[in-house]
Amino acid sequence: MSYIYDVRGTIGDESIASGTGYIKRHIYKWLESWGIRNAKHITAVTQYLADHIKMKCFREDVFVIPSSVNTEMLSISDEDAQQSRTKLGYDISDIVLIYSGGLSHYQQVPAMLNLWRKVLDEEDVHFLLLTNDDPHSKRQVIGSLDDFGSRIQHKSVSRKDVPLILASADIGFMLRDARELNYAASPVKFAEYLAAGLVIVASPGTGDASNLIEEKNIGVLIEPGNYNEGEALIRQLLSNVRKNRSIYRTRSKSLAYKRYDWKAYIGIYQELYSVNLTNSKNINCTF
């Protein structure tokens, strides 16, 4: 039986992160290695992961397809975004920093909040947290937000409402631990932020996202624990966004359509599956 193996992370470091025992971890690694070596085709979500596969499994035929989205489904008009912004209580001149996601350790939420506190003196800056509705996790990970006063909103919303709220903001945060599983990762959050037109603050070594942020000038890279340098970079970014908000939004959306929309990979899927998707009625599906 021929099959395509889609590699979405480094199973060794992911197993360590999840506390998997030594023997089970090596069984998983052996099974994945066998699966990759015998696959008809191989896909990976980042170039780092593709290079890792080539080195470890001696396969050169690895296609890179990042975790992508249907940008048409996530697309929000400027008018709708502005209406949502007003409903959330923000003026057109305000700059809204947003985080959307979970509260796991690797997502570095406490470090992000400490960086946000560094720029509380910037009066036009506001903060928006979109997280799950787990009271226990909120207390443990987030702690008190009293020092933010009315400048911060913390919401839990349905999945369908997330794109509109993202598009209502200006700068999205996506900090990560410096470890192998993040070097190989392709966070779907990155694709969602791009589709919303956000400027992005991320960490070095976050899959291919970090390189693209610098290459396309759509944000800055910050080490989560380096607060002094991080503060300086964020303040400079705020200044740039005030002057060039629409330019940044256009850059991010353009990158979403070119590199993080499933449609951008139709040619590769045609080669992998030997089918013609050009006129398919399912062209908007997620693969």
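Leaving aside its neighbours within four places in sequence, with which residues is D261 in contact? In this predicted model, where local features need pLDDT of at least 70, side-chain atom pairs count only at pLDDT 80 or more, and totals for chains, interfaces and linings use all residues, the contacts of D261 are S68, V69, N70, T71, E72 and A256, contact meaning heavy atoms within 4.5 Å. Residues are numbered from 1 along each chain as its sequence is written, and side-chain values use heavy atoms, with hydrogens and water left out.

D261 sits in the loop between α12 (227–259) and α13 (266–273); helices (H or I, at least four residues) and strands (E, at least two) are DSSP runs numbered from the N terminus. Although D261 is buried (under 20% relative accessible area, 1.4 Å probe, protein chains only), it has no salt bridge, a term for a side-chain nitrogen of Lys or Arg within 4 Å of a carboxyl oxygen of Asp or Glu. The nearest side chain of opposite charge, K263, is 5.8 Å away, yet the side chain of D261 reaches the backbone nitrogen of K263 at 2.8 Å.

Just after α13, S274 takes a positive phi of about 55°.

Note on methods:
Buried means under 20% relative accessible area, exposed over 50%, partly exposed in between (1.4 Å probe, protein chains only). Lys and Arg count as positive and Asp and Glu as negative; His and the chain ends are not counted. A polar contact is a pair of N or O atoms within 3.5 Å; within protein, one must be able to donate a hydrogen and the other to accept it, and residues adjacent in sequence count only if both atoms are side-chain atoms.
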